[in-house]
Amino acid sequence: MRVRGAGCLAGLLAIGWLILVGLQTSQASNVTSAIQEPGMAREGESESENEPEEEAENEGEVVETDTTNRTIVKEVEFGMCTVTCGVGIREVILTNGCPGGESKCVVRVEECRGPVDCGWGKPISENLESARLSCVHISPENRFKYIWKLLKPDQQPVILTNDTAVLEVPRELHPMAFECDTLDNNEMVASVKFTVYTTSELQMRRSSRPDTDAVLVFVLTIGVIICIFVIFVLIFIIINWAAVKSFWGAKASTTEIQSELSSMRYKDSTSLDQSPADIPVHEDDALSEWNE
């Protein structure tokens, strides 16, 4: 009986010890978690504080980039567009920071545009049988879409099947009018019209041109000859300046002598032309003065 009582006491003590150990372990884990949570909170707060700083740094970089871009834009100039209508190209010129200390340098070439309507154009080539027409475009040619139209008076234009930039048209018995529209991404960038004359009209236009050309050539030739003559005269005067000066001096002296002789002759003629009746008048005046 005593042995059984001692075993029961030993079991109860073991159970109580295990309970105490478990309570201590749970308290230690709670304390550890409590210590870790403020640390995590502080880390979260530090991360949240760092995020605005990073955002501020990024914003400063953007501002610097924008400022740099604005400075570059101020230092760039644009050249003249190669066309007055439609689509063309122009140069982008850098006015600061050029290599070799140059004041200006071409950075690149870019596209430029003008008014869409280009009016009436001229064929790029023509003969008595046909004419070659070209739409307004820049390279690469296949970048644009081309729509050719045959224009008729008081009628809707007829759209042709040709979709290339160049159209070859044979001459007919009547003059014809064509129009080409240049599109870029379904947006019209240029439109030009052409007139294809008949063979007889073309011959008449060509025959009327030589008269005008001949007159212009004649006038230009005469002008060139006169200019060359004047230049040679000036050169001759400069080379023989002493002889020219003496010649002009002698001529001036002879003219002065002739003028003096003519004046003397005029005086003599006026003195001889005086009437004798004038002389007694002067004598009477003198006698009257003497008597007084």
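Okay, let's start with Thr82: once you skip its neighbours within four places in sequence, Thr82 is in contact with Gly88, Ile89 and Cys112. Keep in mind that this is a predicted model. Cys112 sits 30 residues away along the chain, and the C-alpha atoms of Thr82 and Cys112 are 8.3 Å apart. As for where we are, Thr82 is in the loop between strand 1, residues 76-78, and strand 2, residues 87-94. Buried or exposed, then, is Thr82? Thr82 counts as exposed, because its relative accessibility is 54% and the cut-off is over 50%.

Three strands make an open sheet, in the order 5-6-9, with antiparallel pairing.

Most peptide bonds are trans, and most residues other than glycine have a negative phi. Here, though, Ser139 and Pro140 are joined by a cis peptide bond, with omega about -5°. Pro140 belongs to the loop between strand 6 and strand 7 (145-151).

Then there's positive phi. Asp154 has phi near 60°, and you'll find Asp154 in the loop between strand 7 and strand 8, 158-159. Asp154 is exposed, at 85% relative accessibility. Asn186 has phi near 65°, in the loop between strand 10 (176-184) and strand 11 (187-196). Asn186 is exposed too, with a relative accessible area of 68%.

Key. Residues numbered from 1 in each chain as written. Predicted model: local features only at pLDDT ≥ 70, side-chain atom pairs only at ≥ 80, totals over all residues. Heavy atoms only, no water. Helix = DSSP H or I, 4+ residues; strand = E, 2+ residues; numbered from the N terminus. Buried < 20%, exposed > 50% of the residue type's maximum accessible area, 1.4 Å probe, protein only. Contact = heavy atoms within 4.5 Å. Pairing = 2+ DSSP bridges.
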